[in-house]
Amino acid sequence: MALKIVRIVNKPVSSNCFLLYDREINNDCLVVDPGSEYPDELEQQLKDLNLYPKYILLTHEHFDHVWGCNYLIEKYRSKIICSAVCSEAIQDAKRNHSLFYNQKAFQVSAADICVEDLGFSWNWNGWDITFFIAEGHTNAGVCFEIGNGLFTGDTLLKDLRTVTKLFCGSKEKLVVTINRIKGLQGKGFYVYPGHGDGFDLDNYDLNKAF
């Protein structure tokens, strides 16, 4: 099997969306954090690659990571997977922070599947995905592992301090999460973050998150 990962930069707020697919199996894909107000580039990639976005994986609830969900749900009937707290937060324009971005308030429907109900483990088309709660940036965050990839949302960004001052953020809880990620060093993971470029986890200084 060969997992392919394509990064799309969301707009108007620059954040990362990822498409995950395995052409050797089928044309299904996972969409991670579709955060564009008008997901034209995402739609073009789906057409160019002949992919069907059956599932949306959300690392957390903030509007710049979920803005494209309603488009995918309406057009493709995509199903959302996220934490239970995230499922609640995306339904609230204050908690997803869209209300505070030029008053473009919006809500996203509740998740179809919560990672807690999956037991934090899911097999997607032969690929094992392991989720873990990642509090700190927000109390709704999750990170997940698939293959040699670690998707961290805004919990861990390259060479940047993790923001903990937003609603439900906590520096103390971030310490717990970063220690959890520290346990993955030495295993060859490549980090796909919520903003900016990816990086190798093994030799990365995790203290930069603070």
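## Two helices side by side

Helix α1 (residues 40-49) packs against helix α3 (residues 69-76), with about 40° between them and 11 Å from axis to axis. An angle of about 40° counts as neither roughly parallel nor roughly perpendicular, so α1 and α3 are oblique to each other. Keep in mind that you're looking at a predicted model.

**Where the helices touch**

- On the α1 side, the contact is made by Leu42, Glu43, Leu46 and Lys47.
- On the α3 side, the partners are Tyr71, Leu72, Lys75 and Tyr76.
- Sort the residues of this contact by type and you get five nonpolar, three charged and no polar.

**The sheet under these helices**

- Strands β1 to β6 make an open sheet of six strands, in the order β1-β2-β3-β4-β5-β6, with mixed pairing.
- Its edges are β1 (4-9) and β6 (113-114), each of which pairs on one side only.
- α1 lies across β1, β2, β3 and β4 (52-57), and its direction is at about 150° to β1.
- α3 lies across β3, β4 and β5 (79-82), running at about 140° to β4.

**How its strands pair up**

- As a bit of background, strands of a sheet pair through backbone hydrogen bonds, in either a parallel or an antiparallel way.
- β2 (residues 16-21) and β3 (residues 28-32) are an antiparallel pair with four bridges; look for Leu19, whose bridge partner in β3 is Val31.
- β4 and β5 run parallel, joined by three bridges, and here Tyr55 has Lys79 of β5 as its bridge partner.
- β5 and β6 run parallel too, with two bridges between them; Ile81 is partnered by Ile113 in β6.

**The other sheet**

- Another six strands form an open, mixed sheet, ordered β7-β8-β9-β10-β11-β12.
- This time the edge strands are β7 (121-124) and β12 (199-200), each pairing on one side only.
- Helix α5 (residues 171-182) packs on this sheet and touches β8 (127-133), β9 (142-146) and β10.
- The direction of α5 makes about 150° with that of β8.
- Inside the sheet, β10 (residues 149-153) and β11 (residues 190-193) run parallel and are joined by four bridges.
- To find your way along β11, spot Pro193, which stands opposite Gly153.

**The largest pocket**

- How much space lies in the largest pocket? The value comes out at about 190 Å³.
- Its lining is made up of 15 residues, and the ones nearest the centre are His137, Asp154, Val163, Leu166 and His195.
- By type, the lining splits into seven polar, five nonpolar and three charged residues.

- Most peptide bonds are trans, and most residues other than glycine have a negative phi.
- Against that background, the peptide bond joining Lys11 and Pro12 is cis, with omega at about 10°.
- Pro12 is in the loop between β1 and β2.
- Asn125 has a positive phi, near 50°, even though it isn't a glycine.
- You'll find Asn125 in the loop between β7 and β8.

Key
Residues numbered from 1 in each chain as written. Predicted model: local features only at pLDDT ≥ 70, side-chain atom pairs only at ≥ 80, totals over all residues. Heavy atoms only, no water. 1 Å grid on protein atoms, 1.4 Å probe; cavity = no way out; pocket = protein on both sides within 12 Å on 5 of 7 lines; lining within 4 Å. Points joined across faces, edges and corners; volume = space filled by probe spheres on them. Nonpolar A, V, L, I, M, F, W, Y, C, P; charged D, E, K, R; others polar. Pairing = 2+ DSSP bridges. Contact = heavy atoms within 4.5 Å. Axes fitted to C-alpha atoms, helices over the stretch in contact; angles between N-to-C directions. Parallel < 35°, antiparallel > 145°, perpendicular 65-115°, else oblique.
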